[in-house]
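User: Hi! I'd like to learn how to read an interface and a sheet from coordinates. Could you walk me through this one?

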Amino acid sequence: MPAAISTEGLVKRFGRTNALDSLDLTVRTGEVHGFLGPNGAGKTTTIRILLGMTRADSGTARVLDGDPWSDATELHRRLAYVPGDVTLWPNLSGGEAIDLLGRMRGGIDKLRKAELLERFDLDPRKKARAYSKGNRQKVALVAAFASDVELLLLDEPTSGLDPLMEEVFREVVQEVSDRDGRTVLLSSHILSEVEALCDRVTIIRAGRAVESGTLSELRHLTRTSIQAELVGPMDGLAQLAGVHDLREDDGRVRFDVDTDEINPVLRRLTEIGVRSLVSQPPSLEELFLRLYEPETVK
Amino acid sequence: MKSLAGTRGLIRLILRRDRIVLPLWIVLLVAISVSYVKQYGDLFPTPESRTKYASNAGFITLYGELSGTSLGEFVTWRLGFVPVMIGLISLLTVIRHTRVEEETGRRELLGATVIGRHAQLAAALLVTFGANLVLGVLLAFGMHSQGLPMAGSIAIALEFACTGWFFAAVGAVAAQLTASAGTARGIAIGVLGGAYVLRAAGDTSARTDGPLGWLSYLSPIAWAQRIRPYAENRWWLAILLLVATVALLAVAVVLAVRRDVGGGLLPDRLGPADGTLGSPLALAWRLHRGLLAAWTVGFALLGLLFGGVAKGVGDLMRDDPSIQEMFQRMGGSVGLIDSFLAGVMTLVGLIASAYAVQATLRLRAEETSGRAEPVLATATSRWQWAASHLVFSLLGPAVALLAAGVAEGLAYGAAIGDVSGQAPRLVGAALAQLPAVWVLVAISIAIVGFVPRLSMVSWAGPAICILIGLVSAGVATADWVRDISPFTHLPSLPGGSVSAAPLITLLAIAVVVGFAGLVGLRRRDMPVG
């Protein structure tokens with residue numbers, strides 16, 4: 001089965017700024033793919049290219065085996081999009097906006113809409129101008145999830161939602177992925193959300209994919225923190241590959257070690273003799289912070 | 001005074017945002033007013049010619065009664081439309097910097113900084129009041145520099161500035177009433193329109209010894225006008241306007257205290273839980289119908305007004321060649337009344353082009369607000385999306401012009417006892433304006449398609465055409481200047497002869513330019529901020 005989304009070498013310039021600098025992204029059919037990166041990294045630009053709203057300067061993009069620019073209308077029948085900042089028509093009620101977007105996409109499932117309104121606790125009779133940011137976001141989410149589509153493009157969809165609603169959002173994404181087999185591209189900053197939902201993630205920075213893979217693959221890129229009380233002197237530890245930030249105070253050593261170099265380091269520790277040992281597992285936060293930082297060179 | 005904290009900073013913000021628009025309208029209105037002194041002094045040098053020019057029923061309806069035959073009085077009378085424009089700009093400025101800020105949420109962003117409860121309103125009002133004051137001072141010196149007496153020049157400055165202040169206060173009250181800036185604008189413009197209609201009806205009735213002359217006393221526009229600059233200079237009427245302004249401001253403040261930021265006093269009603277809209281066209285109808293209805297009603301009223309006065313104007317023009325000449329220059333033809341009606345039709349067509357551009361720019365507003373994005377992410381193509389709005393910028397003016405033509409035909413036909421003969425002629429004359437209107441629509445589509453950030457330049461189209469129309473009606477103008485305006489190439493109807501070539505040329509230009517604009521729109525990135 002072809003990938004739901006694949007891009008190769010996407011480049012997009014706005015004046016002198018390089019929004020995308022040779023971006024490669026592959027989203028396999030049926031997966032929930034996390035799309036992460038600091039603000040201004042090019043996530044929204046990528047999604048707009050995938051929607052055929054913006055045209056890439058060079059590179060190729062395929063969405064559901066079609067060209068997002070020239071086949072836009074046909075493709076849009078098969079996908080739904082939730083922008084990060086939803087603006088609605090002030091005089092239309094939420095229900096009207098949901099039905100309008102659903103119908104223009106080719107139809108909306110009434111029962112599913114009612115169920116989602118209930119679950120997201122949204123009053124569809126209110127005029128859009130009376131909605132808070134979170135409620136406007138819910139309108140776009142209900143319209144997207146109630147449509148019968150193969151692919152969902154969600155651009156920071158939970159911004160403005162309260163924790164309860166975020167929970168509902170997670171349940172719904174899991175449902176459409178597991179039960180209906182839909183593909184989801186989820187751009188997000190919320191790591192717990194990504195961890196709970198995504199099969200694979202791509203991290204972009206400055207318009208380029210810096211990392212892509214499953215979360216457990218990415219975990220290997222992180223470091224484990226070790227604190228140990230040793231019997232003997234800490235000879236030879238500093239020379240081992242993968243050991244960082246080694247320091248000693250009061251007979252305790254602290255250091256970080258690359259997760260895939262952990263075995264030789266542990267062997268050396270036991271040779272010296274260990275009185276006590278604390279090891280902290282790699283955290284995703286740490287990984288992301290490291291990858292987000294501009295000076296990091298992979 | 002804690003509630004006014006931050007006003008100074010907000011004033012600077014407003015001045016920064018309006019640094020072009022604000023000086024532009026001040027200078028433009030002062031320049032127009034001052035230039036009228038020489039222009040009309042030359043055109044109507046004798047008291048007799050002035051009285052005759054000013055005594056026609058149509059002009060009394062438009063500008064009111066002439067107070068005396070001195071040049072100052074005559075020019076003040078002829079400038080009767082300027083205070084209305086000042087009132088309009090003032091109320092729009094106040095709403096733009098109060099309710100629009102709240103509706104877009106920018107007010108909230110600022111509200112969290114050290115900004116008092118009334119600071120936003122105070123800043124908007126102070127800037128608008130200041131602008132009117134500057135306009136008044138410039139006008140007083142400008143008029144005086146043309147050789148008019150100083151006292152009268154100060155009086156006309158007060159007339160204009162007080163009208164601006166009063167309607168700024170009207171805008172301030174309207175901004176408190178509803179959560180929607182559009183509705184607030186509608187309310188305030190309604191008050192302005194109401195004041196204008198009261199004055200027009202009262203003055204016309206008084207002129208014909210009708211029973212409704214007292215209506216004028218209800219209209220703040222009439223109060224300002226009855227300051228009678230260069231005649232009695234009745235200062236106390238300026239004071240009356242100022243008192244009314246202060247009273248309105250007090251109302252605005254009381255209302256502001258009683259509502260939440262972002263909320264209005266008139267509550268939002270709940271809408272339906274399920275929608276019936278299901279296509280781009282249905283959405284566009286929903287977005288455009290209010291505008292269409294308002295313009296159609298306005299055009300019908302305009303038609304009634306012009307149709308109603310046409311016969312009287314014809315009687316009057318019979319003995320004044322200079323007025324005949326003016327209407328002929330405006331596009332009129334041989335028959336006296338027909339030349340008046342044709343001149344009026346050109347005016348109506350020019351106004352319709354403003355509506356056409358406004359409707360076209362809705363497209364761009366949908367894009368910049370972010371509302372186009374979710375629509376274009378559905379199976380709606382850009383062609384369909386653009387077409388759904390263009391239906392209204394092309395056919396909306398047609399409906400409005402039709403209303404004007406029908407109303408004018410009915411009113412004039414009733415006056416001369418020939419409704420069945422006049423109505424079709426005038427409907428045809430009104431609809432004959434469309435090719436020129438559509439050229440301006442096409443130009444604004446091209447601007448939105450190729451240089452979206454300059455979309456507001458689209459307003460230059462109707463503005464230039466109106467300017468050419470006004471100038472060439474007053475003084476003889478070089479042909480190449482007149483030829484710039486597509487309206488120059490329209491047949492002068494009713495009465496004139498129709499040749500197909502210019503109409504076909506205009507339509508062809510509209511189609512080619514408009515289509516090119518749509519191609520540009522299809523090929524560019526969306527949205528462009």
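User: How much area do chain B and chain A bury between them?

Analyst: The size of an interface is often given as the accessible area lost when the parts come together. Buried area here is the accessible area, taken with a 1.4 Å probe, that two parts lose on being put together, summed over both. For chain B and chain A that comes to about 3,400 Å², with 54% of it on carbon and sulfur atoms. A word on the source: this is a predicted model, where local features need pLDDT of at least 70 and side-chain atom pairs count only at pLDDT 80 or more, while totals for chains, interfaces and linings use all residues. Residues are numbered from 1 along each chain as its sequence is written, chains are lettered from A and ligands numbered from 1 in the order in which they are written, and side-chain values use heavy atoms, with hydrogens and water left out.

User: How many residues of each chain are in contact?

Analyst: Contact means heavy atoms within 4.5 Å. By that rule, 39 residues of chain B touch 37 residues of chain A.

User: And how many salt bridges cross the interface of chain B and chain A?

Analyst: The rule asks for a side-chain nitrogen of Lys or Arg within 4 Å of a carboxyl oxygen of Asp or Glu. It finds five across this interface. One of them joins Glu96(A) and Arg286(B), at 2.8 Å from N to O. On the side of chain B that touches chain A, the elements giving two or more residues are α14 (280–317), α17 (372–376) and α23 (500–523). Helices here are DSSP runs of H or I with at least four residues, and strands are E runs of at least two, numbered from the N terminus.

User: Now the sheet: what is the strand order of the open sheet of six strands in chain A?

Analyst: Strands of a sheet pair through backbone hydrogen bonds, either parallel or antiparallel. Two strands count as paired if DSSP finds at least two bridges between them. In chain A, the order is β5-β6-β7-β3-β8-β9, with mixed pairing. The edges are β5 (79–82) and β9 (208–214), each pairing on one side only. Inside the sheet, β3 (residues 32–36) and β7 (residues 183–187) of chain A run parallel, joined by four bridges; His33(A) stands opposite Leu185(A) there.

User: Which strands of chain A form a hairpin with two residues between them?

Analyst: Those are β11(A) and β12(A), and Asp250(A) in the turn has a positive phi of about 55°. The two strands run antiparallel with five bridges, and Asp249(A) faces Arg252(A).
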